[in-house]
Amino acid sequence: MNKLAFITGSTKRIGKHLAEVLAKNGYSLILHYNTSDLKARILARDLEISFPQQHFYTSGFDLSNWKLSGAYFRNLVKKFPVPNLIIHNASEYLSGKMRETSIEMMEKMMGIHFFSPFFISQEFVKLTDRGEVIAIVDAQVVGNDTSHAAYLASKKSLTDFIKMSAVEWAPNFRVNGIAPGPVLPPENSESEYFNQVVNNTPLKSQVSLESISSAVLYLINNKSVTGQIMFCDSGQHLIQK
Ligand SMILES: NC(=O)c1ccc[n+]([C@@H]2O[C@H](COP(=O)([O-])OP(=O)(O)OC[C@H]3O[C@@H](n4cnc5c(N)ncnc54)[C@H](OP(=O)(O)O)[C@@H]3O)[C@@H](O)[C@H]2O)c1
């Protein structure tokens, strides 16, 4: 299969949109989920109906269980073909200042956003001879706002991982990142705060889902780009403190 993507956290919001756009662009998909088993199966079924020539698999794994993430990926490719594109999208936006950050919170954030993407990507480059990795980070990685301290530290680590692995794994692998600004308010959160964040961006506009998916397509198609972090953020990173 020459176009197969593995997308983490693919069943809703940004991940689901990316799955739908990649499917439209001819990709078969391994739809990863954590708790959204049913949503994953429904999405796979809907995509199979729309794109009957392609394949849509589902696979569940808790990425905070990071010590098993490499083994998870090795087992995954015993069941399904090896993908040629990985999108590290899954996330949890835990709040808490540095003083309030427990070992468990830090390990969970690093597990989901850094250790699991690291060890899954490492397995990927061992298991195949060429491919692409795209990690979704956050426009806030250029700042030092500590309201979500463990989350931000883990996304900063992921950002450096993109650049380091782009060097080590070239020339056969390209590794890039996308740093979204305000796309969707966190689930169950006040939209007032989100609107304030949007209005504080230089462009004063919510980032569209299409802005993220068009960046993904650009990164896939432009074979000269690696180690790049594309800020799709209405300019939010320019005013980070
Ligand atoms: N939304 C924004 O405006 C925004 C802004 C900046 C950056 N971003 C970044 O863009 C990406 C997508 O954002 P989003 O808001 O669409 O994400 P989200 O809805 O918060 O989370 C996406 C998925 O992550 C999965 N996930 C959470 N914990 C997991 C775990 N322990 N193991 C495996 N999967 C887990 C969930 O899967 P299940 O549902 O299966 O449990 C969830 O569906 C994230 O990387 C986020 O940091 C988003």
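In the predicted model, helix α4, spanning residues 103-127, packs against helix α5, spanning residues 149-168, with an angle of about 15° and a distance of 7 Å between the two axes. Angles under 35 degrees count as roughly parallel, and α4 and α5 are therefore roughly parallel to each other. Their crossing is right-handed. On the α4 side, the contact is made by Met 105, Met 106, Met 109, Met 110, His 113, Phe 114, Pro 117, Phe 118 and Ser 121. The α5 side contributes Ala 150, Tyr 151, Ala 153, Ser 154, Lys 155, Ser 157, Leu 158 and Phe 161. Sorted by class, the residues in this contact of α4 with α5 comprise 12 nonpolar, four polar and one charged.

The crossing of α1 and α7 is right-handed. Residues Arg 13, Ile 14, His 17, Leu 18, Val 21 and Leu 22 of α1 meet a set in α7 made up of Leu 209, Glu 210, Ile 212, Ser 213, Val 216, Leu 217 and Ile 220. Of the residues in the contact of α1 with α7, nine are nonpolar, two are polar and two are charged.

Terms used:
Residues are numbered from 1 along each chain as its sequence is written. This is a predicted model: local features need pLDDT of at least 70, side-chain atom pairs count only at pLDDT 80 or more; totals for chains, interfaces and linings use all residues. Side-chain values use heavy atoms; hydrogens and water are left out. Axes are lines fitted to C-alpha atoms, for helices over the stretch in contact, and angles run from 0 to 180 degrees between N-to-C directions. Helices (H or I, at least four residues) and strands (E, at least two) are DSSP runs, numbered from the N terminus. Angles under 35 degrees count as roughly parallel, over 145 as roughly antiparallel, 65 to 115 as roughly perpendicular and the rest as oblique. A crossing is left-handed if the near helix is turned anticlockwise from the far one by less than a right angle, and right-handed if clockwise. Contact means heavy atoms within 4.5 Å. Ala, Val, Leu, Ile, Met, Phe, Trp, Tyr, Cys and Pro count as nonpolar, Asp, Glu, Lys and Arg as charged, and the others, Gly among them, as polar.
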